[in-house]
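Subject: Structure handover

Hello,

Here is the structure we talked about. Please load it first, then read the notes below.

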Amino acid sequence: MNKMIFKYILFSSLTLTGLSAQITKFVNPFIGTGGHGHTFPGACKPFGMVQLSPDTRLDGWDGCSGYHYSDSIIYGFSHTHLSGTGVPDYCDILIMPGTKTLSHEVINSKYLPSKFNKKKEIAKAGFYGVFLEDSNIYVKLTATDRTGVHEYKYPDSRNNWIVINLEHRDKVLNAGFDEWNSNQISGHRISTSWAKEQSIYFSLKFSQNLKKFYFSDDSLRLYCLFDNLKNNTLKIQCAISAVDIAGAKENLSAEWVNFNFEKARKKCDSDWNKMLSRIRIEDNNIEKSEKKIIFYTALYHSLIHPSLHQDADHRYRGMDNKIHLGKAEHPRYTVFSLWDTYRAAHPLYQLLYPEFNYYFAKSFLGQYHECGRLPVWELASNETYCMIGNHSIPVLVNAFLNQTRERALEKQEVLEAIEGTFNKGFSNIEEFKKAYISLDKGSESVSKTIENSLDYYAYKIISNSKSKEDKYYQNLYNPSTGFFQAKLNSGFTKFFDPYEVNFNYTEANAWQYLMGAHHDVEGMIDCFNRDPKNLQVKLGHNNNSGNALESKLDSLFGTSSYMSGRVQPDITGLIGQYAHGNEPSHHVAYLYNYCNRYDKTQRIINRIITTLYSNQADGLCGNEDCGQMSAWYIFSALGFYPVNPISSEYQPGIPLFDRISLKVPGNKRISIVRENYTPNGFVNEININKNSIYSSFTISAGDYIKYSFEQDKYLKFISSSSLDYYEPVPFVEKGEQVFEDSTLLQLKNYSKSRIELSLDSLFIKPKKYIEPIVIKEPISYYFRNESSINNPYPNIQKVKFSKKPSGFKYHIVESFENQYSAGGRDALFDGLYGSIDYRDGRWQGYWGKDIQVELEIKNPDVYSSLKITSLQDQNSWILLPKEIELYISEDREEYILFKVLDHQINKKTNDPIIHEFEFKEMTGKKFIKLIIKNSGKLPPWHLSAGEKSWIFLDEITIN
């Protein structure tokens, strides 16, 4: 990675005249285009429909935005891009200029890329420029809201052409050029990728009539040849629409610049200045210019998405794939990366761009009316269902709580949308309502339980509910390990390793979700106080001393950054097990405030802000994620952060500049100043409008916020404690779900309530649990905390016992991978079967190796067949065994090959499948050896070609 600091030198060949001397000069769009930032450097308007940018990479995780700073060739310039996502999509309507002779072979080439001169590549807010070396063409790009504006300067007047490529990147479902004449071309492209059916239409005009045009044989590329271009320059304005060609034409007409590139660029620059200037850094020390560049680029990145999705005539494509007539006063938007952006990006919009957050909230409600649920991760009118939770809910509730008379949401409509979304059951909501999500009922069960709790907290605020769903995350806290941990059969799982990245968590391990319930910090402290080492805790009482939390935080930041388990590239920016490159960690540094250790808050924030952000191409330590990574920086540089993103309260941090002001049009200016700042000092006093602050605070228009520093003394907070205590459900402390002769059922809880049991779920005749119960036969028990006035409807838990299949002995030679243990060595012979989801805790995984299993049948004359159940899910690197060899022996010493089973199932199946290998005619075979052969490395067509593949087994059955 090139580590140089980007200097804003404008090369003579691409000199920009008339640039505003305002805030846009501090924007460096190259930040995040290297490393794993996944941003793009091209031109766009704030929250605009078009993102016109070069495409340098066709696939791969670091090609999600279509561009990577380390690349050396450009395939063309497309009109839609995603900023900082972890999945690739968009890059629609690719245009590439050239001068090569247009032979039949050239015309049918999928791409005609060119090397480009990195020293002549320029990116600024609303402008991109580059020199294509292979064709000696200078390229300039800018944008209006719904159009991209191109300027290509050719080296001479000979053989000048552009190609419009409709095949680029995503798989095409339907595409074509529908209308063309000498200076205007219109067409459509319907594609599938992350968005399963994305519709885009375009209409473009040339500054000069074309001489000839040529179609490729598949009609997906159109070459337009020009002759005698004025000044050897071609200008293009291309409008897009998700509705139809008429919509694209209307957008072109409404935003027509008459091929005046400079006019369009200046307007784009001006619009960015207006949006960026809502924050003014009034600290002109030249030494701080690098910090200003990082700051204003972060603000710039936070204003790219969501993106306008409504045409100039107010029509838009809805979630029902129908065309609707929208409202000018609240246009429709798209690209909602809500698992990321609910945390800080949307609170930033609510604080500084409230009119846009209102548009986003209205978009949510419109999407609810069209498809019956609020968005999860909506993209181009498609619900991708990417990530977990229903995090449009906290955004919607926060917008409702902060609404004004001019931008009001209707409470009943908001409630209906939230309740309707919960009823859709996404993120295993139905299982969650039983107190938590069990491992076998849903993958990522711990993370889902924590994040569903947050969504219910938001609902609780707006509905004034007295329910306890917002506390259900506490049911997965295991004081014995000190972590939130998955449960199976009402007990905590075995083989727990907090450093292991597995499918009990979302893009994380147990360390990184330890502080996940940021809507209820006091409740997390209640959990941590249950740890045996916290001797001061009395069960059933809330003790918010903060000591337990401080100890947890110190351990999190101070422990090793080692991780085991599955490879997860999103987990980056590590300080101990704190992972700033992924969103679940973003609030954690501010939790030291709840321990009355504001000094530690300041130290760790300063470390993050100075070491994990920079003015370099790899200046982001993880995916930008549609503004969230940058929103964290903006808030932290201002000196506060929304730990609870729903409440509109902020936890204080440490401001980065001496003086900064916030100004929303129509509102009074908010001023933030710091006094007596020294690099090693601490904030010792905060006051708002001369009133001292000792805890979290709210911000109102006209506030004057002052941070005062001292060298060795930090501000002490007044701690608060919650009265909303929750009684977690009891759990199985001991008891094997599958046993041979007997097992012991031992229950435990962390409350004063006694536990009661019943053999039926109605608890008609419950009995008190007094001591462990010996289990000798298959049986199920239901148990709960005893009912009380404070807990009249305790959540009922169930534990089920069954006997292990008998009549044989077995030995598995190889070791399974710990994150796919399925319960341990007995898992393949326990009589429990997994589902089609490999993450359900029942499948046992082996990576890149064959598996050897040895069996001894006690009575070989009474069985006839042997079955091995395996799973294929190639999208997750899991392939069926290549074959299974079965050997038999009379003495367990010498084995002979009895039979080999293979299969004819295609490795390329898109949907997961379960397949049974069955060996018949097994009567009389006493000693058996199975060699289950790995399918080898992933094939060339696979996204991860060449990597080792997995074998997933569930059960070996003797019939």
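Cavities first. The count comes to 11 cavities of 30 Å³ or more. A cavity here is a set of points, on a 1 Å grid over the protein atoms alone, where a 1.4 Å probe fits but cannot get out. Grid points are joined across faces, edges and corners, and a volume is the space filled by probe spheres set on the points.

Some ground rules. This is a predicted model, where local features need pLDDT of at least 70, side-chain atom pairs count only at pLDDT 80 or more, and totals for chains, interfaces and linings use all residues. Residues are numbered from 1 along each chain as its sequence is written, and side-chain values use heavy atoms, with hydrogens and water left out.

The largest cavity holds about 160 Å³ of space. It is lined by 17 residues, and Tyr90, Gln198, Ser199, Ala242 and His309 are the closest to its centre. Lining residues have an atom within 4 Å of a point. Strands S14 (198-206), S17 (233-241) and S19 (307-308) each give two or more residues to this lining. S14 gives the most, with three. By class, the lining has seven nonpolar, eight polar and two charged residues. Nonpolar covers Ala, Val, Leu, Ile, Met, Phe, Trp, Tyr, Cys and Pro; charged covers Asp, Glu, Lys and Arg; the others, Gly among them, are polar. Helices (H or I, at least four residues) and strands (E, at least two) are DSSP runs, numbered from the N terminus.

Next, the second largest pocket. A pocket is an open set with protein on both sides within 12 Å along at least five of seven lines. This one has a volume of about 1,000 Å³. Its lining has 50 residues, with Leu488, Phe492, Thr493, Lys494 and Gly823 nearest the centre. Strands S29 (491-492), S41 (731-734) and S42 (738-739) each supply two or more. S41 gives the most, with four residues. The lining divides into 19 nonpolar, 17 polar and 14 charged residues.

Now the cores. A nonpolar core is a set of buried Ala, Val, Leu, Ile, Met, Phe, Trp, Tyr and Cys residues joined through side-chain atoms within 4.5 Å. Buried means under 20% relative accessible area, exposed over 50%, and partly exposed in between (1.4 Å probe, protein chains only). The largest core has 214 residues, and Phe77, Ile162 and Phe295 have the most contacts inside it. A second, separate core of 26 residues includes Phe816, Ile868, Phe919 and Leu930.

- H12 (residues 521-528) has eight of its eight residues buried, so it is largely enclosed by the rest of the structure. Its cover includes strands S26 (477-478) and S27 (483-484) and helix H13 (547-558).
- H9 (residues 411-422) has 12 residues and reaches 17 Å from its first C-alpha to its last, close to the 16 Å expected at 1.5 Å a residue. That expectation is 1.5 Å times one less than the number of residues.
- H3 (residues 261-276) has end C-alpha atoms 22 Å apart, which agrees with the 22 Å that its 16 residues should span. Its buried residues include Phe261, Arg265, Asp269 and Trp272.

Last, Glu685. This residue lies in strand S38 (residues 682-688). Glu685 is partly exposed, with a relative accessible area of 34%. Not counting residues up to four places away in sequence, Glu685 touches Ser692, Lys706, Tyr707, Ser708 and Leu715, where contact means heavy atoms within 4.5 Å.

Best wishes
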